[in-house]
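Please take a moment with the sequence and the structure shown here before reading on. This briefing is meant for someone who is meeting this protein for the first time.

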Amino acid sequence: MLTTLLLATLLLHHTAYSRNECYLVYGTLMCEGKPDTVANVVVDLKDDDGLIDDHLGRTKTSVNGSFSVSGCGYDPLPFNAPDPYLKIMHKCDSASNYTNTRKFEIAVFPVALPKVQNLGKIFLDDE
């Protein structure tokens, strides 16, 4: 009984002093050198927490490279909000003749509520 009460108190305390945020991010990946490399690319929405980042959402791009990913996260303390970013693993790499996988990360800065951001076209060739 005491363990249950302690656990409930900790969960309530954690919820009361954390900042929850939800995000919706969409855009289109572009690879001018080899356009077919943007199909079925995994796009992860993550929260930068330093050592271990929280996973907020995941999707795959369509045939033309478009994507929409959403997710919610929380950070402790009322003044600390999640720091969302996209992590994209892709093969738009002309130096390796489009065979090596490269990592591309881009910060997400929502500008209005609800926290929706259109990143537009993301050119992976320009990394």
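The points below go from the overall fold to the core, the disulfides and a few individual residues.

The model is predicted, and the protein in it has one helix and seven strands. Read from the N terminus, the elements run α-β-β-β-β-β-β-β, and of the 127 residues of the protein, 33% count as buried.

**Overall build**

**The largest nonpolar core**

- In soluble globular proteins, nonpolar side chains tend to be buried together.
- The largest nonpolar core of this protein has 20 residues, of which Val-25, Leu-29, Leu-45, Phe-67 and Leu-86 touch the most other members.
- Two or more residues of this core come from each of the strands β1 (18-30), β2 (42-47), β4 (66-76), β5 (84-90) and β7 (116-123), and the largest share, three residues, is given by β1.
- Once neighbours within four places in sequence are left aside, Val-25 is in contact with Leu-45, Phe-67, Ser-68, Val-69, Leu-86, Val-108, Gln-117 and Leu-119.

**Leu-119 in strand β7**

- Leu-119, one of the contacts of Val-25, has its place in strand β7.
- Leu-119 has a relative accessible area of 18%, and it therefore counts as buried, since the cut-off for a buried residue is under 20%.
- With neighbours within four places in sequence left aside, Leu-119 is in contact with Val-25, Tyr-26, Leu-86 and Ile-106.
- Although Leu-119 and Tyr-26 are 93 residues apart along the chain, their C-alpha atoms are separated by 6.1 Å.

**The two disulfides**

- A disulfide is a covalent bond between the sulfur atoms of two cysteines.
- The structure holds two disulfides, and, with the bonded cysteines counted along the chain, they follow the pattern 1-3, 2-4.
- One of them is formed by Cys-22 and Cys-72, whose sulfur atoms are 1.9 Å apart, and this pair links distant parts of the chain, with Cys-22 in strand β1 and Cys-72 in strand β4, 50 residues apart.
- The torsion about the S-S bond of Cys-22 and Cys-72 is about 105 degrees, so this disulfide is right-handed.
- Cys-22 is partly exposed, with a relative accessible area of 43%.
- Cys-31 and Cys-92 also form a disulfide, with their sulfur atoms 2.1 Å apart, and because Cys-31 lies in the loop between β1 and β2 while Cys-92 lies in the loop between β5 and β6 (102-107), the pair ties together parts that are 61 residues apart in sequence.
- The link of Cys-31 and Cys-92 is right-handed, with 85 degrees about the S-S bond.

**Thr-37 in the loop between β1 and β2**

- Thr-37 lies in the loop between β1 and β2, and this residue is buried, with a relative accessible area of 16%.
- The side chain of Thr-37 reaches the backbone oxygen of Lys-34 at 2.8 Å.
- Not counting residues up to four places away in sequence, Thr-37 touches Cys-31, Lys-91, Cys-92 and Tyr-98, and the cysteines in this list, Cys-31 and Cys-92, form a disulfide.

**Residues with a positive phi**

- Most residues other than glycine have a negative phi.
- Asn-40 is not a glycine, yet it has a positive phi of about 60 degrees.
- Asn-40 lies in the loop between β1 and β2, and at 56% relative accessibility Asn-40 counts as exposed, the cut-off for an exposed residue being over 50%.
- Tyr-98 likewise has a positive phi of about 60 degrees although it is not a glycine, and its place is in the loop between β5 and β6.
- Tyr-98 is buried, with a relative accessible area of 16%, whereas Asn-40 is exposed.
- Tyr-98 is also one of the residues that Thr-37 touches.

Key
Residues numbered from 1 in each chain as written. Predicted model: local features only at pLDDT ≥ 70, side-chain atom pairs only at ≥ 80, totals over all residues. Heavy atoms only, no water. Helix = DSSP H or I, 4+ residues; strand = E, 2+ residues; numbered from the N terminus. Buried < 20%, exposed > 50% of the residue type's maximum accessible area, 1.4 Å probe, protein only. Core = buried A, V, L, I, M, F, W, Y, C linked by side-chain atoms within 4.5 Å. Contact = heavy atoms within 4.5 Å. Polar contact = N/O pair within 3.5 Å; in protein donor to acceptor, adjacent residues only side chain to side chain. Disulfide = S-S within 2.5 Å.
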